[in-house]
Structures are given as structure tokens and as C-alpha cells.
Amino acid sequence: MTRIPDPEEFRAEARRWLTGVAKARPTRRAWGSGDDSVAVFENRTEAQEREHTDRTREWERTRHDQGWGALGWPEEYGGRELPAHYEQLYRAEEAAFDVPRRTEIFPVTQQLVAPAIRVWGTDEQKRRWLRPMLRTDELACQLFSETEAGSDLAAVRTRAVRDGAGWVLSGHKIWTSGARVATWGVAVCRTDPDAPKHAGITVFLVRMDAPGVTVRPIRQMTGGSSFNEVYLDDVFVPDADRLGPVGEGWRVTLTVLAAERLDSGGLGLDNADRALDLARHLPRPLTGGERQQAADLFVRSLVQRLIGLRVTAALVAGREPGAEASVGKLHATATMRATTDLVQQLLGPRLAADTGEWGTFAWTEHLLGAPGYRIAGGSDEIQRTILAERVLGLPKEPKGAGR
């Protein structure tokens, strides 16, 4: 194991490296110029998504090859075996430099799928997938949600049936980010329709270019199509691409979901900061109510950052921050709602009519997109259930009750 540097020493080392490979961002964003997008979900064409993915991949490979990617992973995967919170220390330094912003498929691949393979994969699967995913040579999307199941992932209906040395998958997945650029899809399937609800589930890694896989973009009300639906029509998957034991897929899925909630605590903070900038630059004095709303949003964003530090502290202590992550997810969605409320008050009709004025109509993409995060990454209701059961000690719902 490599020596663990002092945090300040590590941050200084990261700054020196970043200075040599990237340009520094302006210390303060110039108001009224540049990109005024505050979209919650990406709003790119397929060509734009592929171009941005390629640029981000190039940067992620540079990081990995020079020892600044996979910081917490063993050396055999290109890592440095540093404590988990050193990734946050690095990200804090990287934020000051002009590097490609990671779209959702990158944290999904590196922070959700790769750790699940590390836990559940065979030695051969780890050899095949881990370093390529950490380096982003391979990208993975989540084939989890289904129209019939909603937020109840255990109710999936996509079937996987044994066929010789593999499985045949048939079903329909929805709300998949990054499906157009992913190499692999992590598919949650039902392999035993007669088993109890949370049993009889198995997870597979599916080649997204395999015969029978069809990706169709979903047009969002913002005009973009960052989500997709994925059809699996008799897709053959070798048994070597099954992740975890047959019928134990629910436990594999929970490994991925736990990592997803850890990654959601920073949601919306950039837009909250941008809304406060809007309040500072409004060409009229703020009303008393607007001042109160702005102060509330400032405090909320500060608390959200402090919750993120608690999640990091739990990781440093070697604990799985389940409760902290759920609180962070709930607080993040509340911050996004508070951001919308403040902007609506500040802009009024300028939010609803595209006059061409910088930093006004662009906020419609936040207004329309933010409510989606009450479902994404585990719905608010699921997070409250986790806190009720694991923190307050309330009894679980009886078997058979709907959730």
C-alpha cells in the first residue's frame, strides 16, 4: 500500500498536477456572460452527447494514467489505495480548473458499477471489467427501472431464461441515462417468476450493441432527451456476464443503490449558488420576502455541504453512511425546490417568456427538471422509510403490504 499523504499535502500535490495539465477557471464567474444553462438533466443531441463523452473520456484516461483516478482502489487497478474521502479532496481542487464536466454515465460506471463488480464479480470478471471501467475505456448504464414497477425495483418483469451456456433476456427498461454511449448495461432481471418478490432476481451485464438491444431516446418536456428506453428482444447473454449468484440479484442491486445515494448529496448546489447570484444582480431591490427566501436558500446550501462532510466522515471511519446518505438525498431535493421557489419570485413572467435576456428563461430547465430528483436515486418516500426503520427503529411494513 502506498503512503497516505497528509490531506493538505495531498491537495497541494493535486493543485500542482492540475496546473500542469489544465487551465484554471476564473475565481468568480462573470455575471451576464457565457453559458447560462441551469439544466438539471442534460439537453444534448446524440452527436453532442457522443462528442462530450469522448472529451470527458480523454480527461478521465489522463487522470487514471497519471495516478489521479481510482484513488481508493488497489494498485492492480491503477489506484493508490487512499482513504475514500481523498476523492472528495481531489474533486474540490479539480473544481477550480477547466476540465470536462462528467455526465451521469461516468459516476455510474466508476462509482456504482465498478464497486459492485468488485464485491460480486468473479476473478475473471474483475480482470475483464474493473480497470477498463475505472479508466472509462468501458462505460456502463443502469438497466433498472421499468414502467410497471415504478420505484419498486423488486417488481421487475424483464425475464432471463436459461439457454445452454447463457441466458435469453426479454423486457423493457426505461429512464436510462447514457444508454446511447454505454458499452454495457447492468440489467436487473427476473429468473424465477415463482419466487418471492425480492428473490428470483439475477443481474447481468449486457453488451449495448448486442443483437436485440434497441435504444430509443425519451423526449423530455425541456426539449432534450438525456433519458432513454431500452428494449431487450431475446438478447443472448453468456453466463460469464452474470454478476453474482443466480437468484441473489436483489443483494447485488442494493450494492449499486447504496453507492448511488452516496453520490447524490451534491445535487443542485451549483444551481443554488447561481440563484443566489441572480438575487445579488437583480436590477431592483429585493422585497423582504425575497430576502428571507434567499437567506433560507443560502443556509440550506451550507447545511447540504455539511451533510456531505458527514457522509465523508462516515466513510473515513469505515462505516457505510446509510442514514447520512438518505438525509443528504432528502435535503438535496428540498434545496432544489427552494432554488425553484426563489427564482420564480425573482423573475416572475421573465421565467415563462423567452425574451432572449441572459439568465432568465434558461431557468425553465431547472424548474421542469428538478422535481425528477424526488424519484431518481431512490424516491423521497424510500429515503424516509430507510430513516424510519434504521434510525427511529419503527417496524417494517408487514409482508404483502404495498410500499
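The following questions and answers set values from a predicted model against the definitions behind them.

Local features in this model need pLDDT of at least 70 and side-chain atom pairs count only at pLDDT 80 or more, while totals for chains, interfaces and linings use all residues. Residues are numbered from 1 along each chain as its sequence is written, and side-chain values use heavy atoms, with hydrogens and water left out.

Q: How do you know that the length of helix 5 agrees with its number of residues?
A: Helices (H or I, at least four residues) and strands (E, at least two) are DSSP runs, numbered from the N terminus. The expected span of a helix is 1.5 Å times one less than its number of residues. For the 12 residues of helix 5 (residues 123-134) this gives 16 Å, and the end C-alpha atoms are 16 Å apart, so the two agree.

Q: Why is Thr136 called buried?
A: Buried means under 20% relative accessible area, exposed over 50%, and partly exposed in between (1.4 Å probe, protein chains only). Thr136 has a relative accessible area of 0%, and is therefore buried. Thr136 is placed in the loop between helix 5 and strand 1, and takes a positive phi of about 70 degrees.

Q: Which residues is Thr136 in contact with, leaving aside its neighbours within four places in sequence?
A: Contact means heavy atoms within 4.5 Å. The partners of Thr136 are Arg57, Glu60, Arg61, Phe106 and Gln110.

Q: How many disulfides does the structure hold?
A: A disulfide is a pair of cysteine sulfur atoms within 2.5 Å. The structure holds 0. For Cys141, the nearest cysteine sulfur is that of Cys189, 13 Å away, and Cys141 is in no disulfide.

Q: What makes Cys141 count as buried?
A: Its relative accessibility is 1%, so Cys141 falls in the buried class.

Q: How many aromatic pairs are there?
A: Rings of Phe, Tyr and Trp (its six-membered ring) pair if their centres lie within 6.5 Å; planes under 30 degrees apart count as stacked, over 60 as edge-to-face and the rest as tilted. The count by this rule is 12.

Q: Why is the pair of Phe41 and Tyr373 called stacked?
A: The ring centres of Phe41 and Tyr373 are 5.1 Å apart and their planes lie at 10 degrees, so the pair is stacked. The pair links distant parts of the chain, with Phe41 and Tyr373 332 residues apart.
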